[in-house]
Amino acid sequence: MTSVSVKFAHYLADFKSLTQGPGAAGPPWLRDLRDSGWSRFNKTGFPTARRGNERWKYTNVGPIAKTDFGIADEPISVPSDSLPVYEADGQQIYDLVYLDGRYSPELSSPAAASAGITAVSLASVASDSSFGLEGQIGHYAPPDDDGFAALNTAFLYDGAYVNIAGDCSEKVTVRISYITVDGTKPKVSHPRTLIILGRNADATVVESYSGPKESVYFTNAVTEISVGDGAQLDHYRLLLEGGQAFHVGTSRVKQEKNSSFSSASFALGTALARNDMEVLFGGSGGFCSLNGLYLTADHQHIDNLVSINHAEPYCTSRLNYKGILDGRSKAVFGGTVIVDKDAQKSDAEQTDKNLILSRQAEVDSKPSLLIYADDVKCSHGATAGHIDAGTLFYLRSRGLDLDTASKMLIQAFASEIIDTVKPEHLREHVESVFASSIPNKTLPMVGIR
Amino acid sequence: MTTVAKGAKPLLAIKGLTATAGDLEILKGIDLEVYKGEVHAIMGPNGSGKSTLANVLAGRPDYTVTGGEVLFEGHDILQLDPEIRARMGVFLAFQYPLELPGVRAWQFLKAGVDAKRIHNGEEEMSAREFDQMLKAKVDQVQIDPDLVKRAVNEGFSGGEKKRNEILQMAVLEPKLALLDETDSGLDIDALRIVSDGVNLLRSSENAVILVTHYQRILNYITPNHVHVLYDGRIVQSGGPELAHELEEKGYDWIKDAVETDV
């Protein structure tokens, strides 16, 4: 067996420069957390797509393991074209912008705990115990979750911290943008996001990930979310990485009593993307709606692993993912709804629908239900289909050419998810990003009648 | 009733048209001339080929034309894609209009109008102009304005779908409207509204081919000509009185007549 220190030599070098450099100044609990992440990663390494490993059955992360990714040096220039482009409609938005995983004070407009609203860089407040990070970071997404979460924990340094105090009356919007800057070497960043909503707080958080189109880089993100009693979080995840990029996102959400978590996850363009999201109902009467839309082309691969755990009674969950697949791309959907023994009156629906535009594209969709309670209402389903020939003729008979007709039908398929985006400026942004990425199908795949 | 000026060119001239669906020969030689200002009713029993005729004229790819020609305003349209025929002014009202979840009626109709305008060398219609036009058409064909705000046909009743076809026809202003069993599945009120729409849109500049199984709709829309299609051929043509004869005697009368002829 290859010795671990050789296998992860480049990660070890980076780990040492972090822990002996800027990381050394951090509080003891954070240094311990990093160490536990590092030792965990050394033990497990990267997951493999072997038999029996259900969580990674259809996704081979070999290309990530084989590439010598390094932590970026300080970015020299600010890529203004990769900044968030959409405008807020008159409403205050707290912006947190990161370049190669490092907070950029110039591009950000944080909120520093005034009026109960905190939206700041993690690194800037990690040593200040009044922010209460200890016991929160790594609590919802512990390092032993899997190899990627462990690696992120080992490199935990910067990221975003959003905390809305209980009974804060303002409806808060925070936009977190993780941007990888073009560079010569394959870069990796390990952003960590922690979102805490106190009792009855109401917030919208947009997490977006983007980077250069042509460079090989890797984003290994972990997001931890706690939604307090009666609080409401609208969470948007925009995965707009470059065509050579690897992205692994691990999101862990805990919902307290009567809380609401509505999320929409949009993904396109990434070479290899993994979106691993788990929601835990830790109190009764919660509601969560997890929506997803992914568009893949060329040899792209996306893996959505979404799980909802009804651990408490009287909770409702809606899981609705949709995929549009072109080229030789592949999509994996693993949806799991778990209803614990005492979680009576649980109401869960889960669907994954795919629109296949090419004969070479492939989808592996596996929705599943694990029900241990007896008084529940649960359903699940998955579909994969082509653009219907009869429908296409209907549009053409009104004068629309093949390109326009198929594009209109693809957009219509996507609109169900895009329409769940509540802020108008964000919805329009997502709509235009997707509209410009929908392939022009001169010879669409049509179902045989 | 409109009379045709001598020497006028037909809007549509079908000569010896034959077509198949898969291996099945459906149209076995259709000859028909339609002039502007006319309404032709094509009647016939199930499986006679009347819906196929309407769909072949509109360019549905499921059928293969194996012979004959179709001239629309003097141009052979059989080689043209359905969207080109539509832009030239051919409109097919579907027997089973499709539901288009996520496609807004506004967007759908504007795309059709703009495609036609660009085809005719005009500019796209402005959103404001289109809004006004659409509103006027909604009033004209008496469709519930809320239906236009929804996704095309999604969750519509059968009658609402057929009415929506008439609205699309009103918006696209075709020269030749092919109504494929638009009357089937309609209750008497819906039938009247659909018929009123067709009558309203009839003019000396356009023509209608009404494909129907039943004589019922002809109580509301008076055709200039009635043709009986049987086994892929037009076996009898006449005036409106032919429809009444069919109503009285049923299609068996035609079948018997054709088969004793052979």
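**View 1. The two domains of chain A.** In this predicted model, where local features need pLDDT of at least 70, side-chain atom pairs count only at pLDDT 80 or more, and totals for chains, interfaces and linings use all residues, chain A is divided into domain 1 (4-283) and domain 2 (387-449); the bounds come from an automatic or database domain assignment. Residues are numbered from 1 along each chain as its sequence is written, while chains are lettered from A and ligands numbered from 1 in the order in which they are written. The centres of the two domains of chain A, taken over C-alpha atoms, are 32 Å apart.

**View 2. Where domain 1 of chain A meets domain 2 of chain A.** Here 14 residues of domain 1 of chain A are in contact with 14 residues of domain 2 of chain A (contact: C-beta atoms, placed from the backbone, within 7 Å). On the domain 1 side, strands S10 (202-210), S12 (232-240) and S14 (260-268) of chain A each supply at least two residues. Helices (H or I, at least four residues) and strands (E, at least two) are DSSP runs, numbered from the N terminus. That side of domain 1 of chain A divides into 9 nonpolar, 2 polar and 3 charged residues. Ala, Val, Leu, Ile, Met, Phe, Trp, Tyr, Cys and Pro count as nonpolar, Asp, Glu, Lys and Arg as charged, and the others, Gly among them, as polar.

**View 3. The contact of chain B with chain A.** What does each chain bring to this contact? Chain B gives 22 residues and chain A gives 17 residues. In chain B, helices H2 (82-88), H3 (105-119) and H6 (158-172) each supply at least two residues of the side that touches chain A. This side of chain B holds 13 nonpolar, 3 polar and 6 charged residues.

**View 4. The largest nonpolar core.** Of its 201 residues, Val174(A), Leu197(A), Phe91(B), Leu176(B), Leu178(B) and Leu210(B) touch the most other members. Such a core is a set of buried Ala, Val, Leu, Ile, Met, Phe, Trp, Tyr and Cys residues joined through C-beta atoms within 7 Å, and a residue is buried if 20 or more other C-beta atoms lie within 10 Å of its own. Helix H8 (residues 402-418) of chain A gives the largest share of this core, 9 residues.

**View 5. Around Phe91(B).** Leaving aside neighbours within four places in sequence, Phe91(B) is in contact with Ala86(B), Met169(B), Leu172(B), Pro174(B), Leu176(B), Ala177(B) and Leu178(B).

Terms used: Contact = placed C-beta atoms within 7 Å. Buried ≥ 20, exposed ≤ 12 C-beta atoms within 10 Å, placed from the backbone.
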